[in-house]
Amino acid sequence: MSVHLHNNNLNIGVVRVKDVQMSNVNRAFKIDCRSSLVTVEDYRFDKVVVVADIIAGDKVVFTKGWLSAGAF
């Protein structure tokens, strides 16, 4: 499973993802949110090769989470 976040270049975009858990995936997030604040909080990633493939985003924040070894 992978989550692709995308918008159409909003000037005040806000994307908030909360309480997410993933394991044994190649990529957890692909983020392409122009002119937006993206926050991922309360997460756990186990055995994830790439946590975030960030294409665009004014600010991308991961907070209050857990990454297993090798997941960053």
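A nonpolar core, as I use the term, is a set of buried Ala, Val, Leu, Ile, Met, Phe, Trp, Tyr and Cys residues joined through side-chain atoms within 4.5 Å. Buried means under 20% relative accessible area, exposed means over 50%, and partly exposed lies in between (1.4 Å probe, protein chains only).

**Ground rules.** I am working with a predicted model, so I note that local features need pLDDT of at least 70 and side-chain atom pairs count only at pLDDT 80 or more, while totals for chains, interfaces and linings use all residues. Residues are numbered from 1 along each chain as its sequence is written, and side-chain values use heavy atoms, with hydrogens and water left out.

**Core.** I looked up the largest nonpolar core and found 15 residues in it. Leu5, Val20, Met22, Phe29 and Phe45 touch the most other members. Strand β2, residues 13-67, gives the most to this core, with 14 residues (strands are DSSP runs of E, at least two residues, numbered from the N terminus).

**Salt bridges.** How many does the structure hold? I find five salt bridges, each a side-chain nitrogen of Lys or Arg within 4 Å of a carboxyl oxygen of Asp or Glu.

- Asp42 pairs with Lys18 at 3.9 Å, N to O. Asp42 is partly exposed at 27% relative accessible area, and Lys18 is partly exposed at 42%.
- Arg27 bridges to Asp53, with the closest N and O atoms 3.2 Å apart. I have Arg27 as partly exposed at 31% and Asp53 as partly exposed at 26%.
- Arg44 meets Asp46, with 2.8 Å between the closest N and O atoms. Arg44 is partly exposed, at 37% relative accessibility.

Definitions and conventions:
Helix = DSSP H or I, 4+ residues; strand = E, 2+ residues; numbered from the N terminus.
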